[in-house]
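This report describes a few local features of one protein chain. The sequence and structure come first.

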Amino acid sequence: MTVTSEQRYGEFVVVRRHEGQDHVAELVLDRPKAMNAVSTDMARSIAAACDALGADRDVRATVLTSSHERAFCVGADLKERNSFSDADLVRQRPTARAAYTGVLELPMPVIAAVHGFALGGGFELALACDVIVADTTALVGLPEVSVGVIPGGGGTQLLPRRVGAARAAELVFSARRVEAAEARELGLVDELVEAGRDREEALALGARIATNSPVGLRAAKKALRLGQGLDLRAGLEVEDAAWRSVAFSGDRAEGVAAFNEKRRPDWPGE
């Protein structure tokens, strides 16, 4: 796949665009010497990249990938953390949070491409995405209680939304690592593909998603996210508000016209 543009954020994060996939951005975790362990500098770069992507109206789908052959991300950089004083840890916390919320709050659909180790904060980055594509080498889990902390990148809130409260409790309390087949069975990942094909399949999914209305995609994601945990009546009000935000858009007019004229829509994106 030919890279047509590349923007680096700090030393450890890259955003790429590819030939033939103009509306798909690849957000690459690129700290291979540390299996993408999230240091303070890397967290800052993830947040900066997400800020830029969120402001880019041309991006209709983002795919979160890894440059390391055997790991998606092994979580927080515990070697760095080992040198922290309590005051250092307090100061670093907002920076760490900004990385995870940066991914979580991206306004377009986001797909994680997971292989190898996706543990702790690494799995939390995947959980912050809308869809997780994993290959058969994936090993996922939230082992934080085994080192005296708790999942702090959204894991205690995002995991039960995927698998239910009791299953999430078992996984967090036991700190166990889950292999790919069981992860798919439990709903920890959404699609399971052959080894080495997670990135390819995730980018292909991103390309399929990106053929749709950018206005519709962002509104649909907002409705899905805001409606989680609400009762049905409140959720339908969220949906109605999202519908109203797109019903009179240029994308809606173009979509209806293209359907009736039996052609592909040329989305204005507004």
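In this predicted model, Arg-31 touches several residues beyond its neighbours within four places in sequence: Phe-12, Asn-36, Ala-37, Ser-39, Met-42, Ser-67 and Asp-77. Arg-31 lies in a loop, with β3 (21-29) on one side and α1 (40-55) on the other. Its relative accessible area is 17%, so Arg-31 counts as buried, the cut-off being under 20%.

The next topic is the cysteines. A disulfide requires two cysteine sulfur atoms within 2.5 Å, and by this rule the model has zero disulfides. Cys-50 takes part in none, as the nearest cysteine sulfur belongs to Cys-129 and is 8.8 Å away. For Cys-73, the closest cysteine sulfur is also in Cys-129, but at 11 Å it is too far for a bond. Cys-50 is buried, and Cys-73 is buried as well.

| Residue | Relative accessible area |
|---|---|
| Arg-31 | 17% |
| Cys-50 | 4% |
| Cys-73 | 0% |

The last topic is a sheet. Four strands make up an open sheet with mixed pairing, in the order β5-β7-β9-β10. At its edges are β5 (71-73) and β10 (178-179); each has a single partner strand, so one side of each has no neighbour in the sheet. Within the sheet, β7 (residues 117-119) and β9 (residues 139-141) run parallel and are joined by three bridges. Ala-118 stands opposite Val-140 of β9.

Key
Residues are numbered from 1 along each chain as its sequence is written. This is a predicted model: local features need pLDDT of at least 70, side-chain atom pairs count only at pLDDT 80 or more; totals for chains, interfaces and linings use all residues. Side-chain values use heavy atoms; hydrogens and water are left out. Buried means under 20% relative accessible area, exposed over 50%, partly exposed in between (1.4 Å probe, protein chains only). Two strands pair if DSSP finds at least two bridges between them. Helices (H or I, at least four residues) and strands (E, at least two) are DSSP runs, numbered from the N terminus. Contact means heavy atoms within 4.5 Å.
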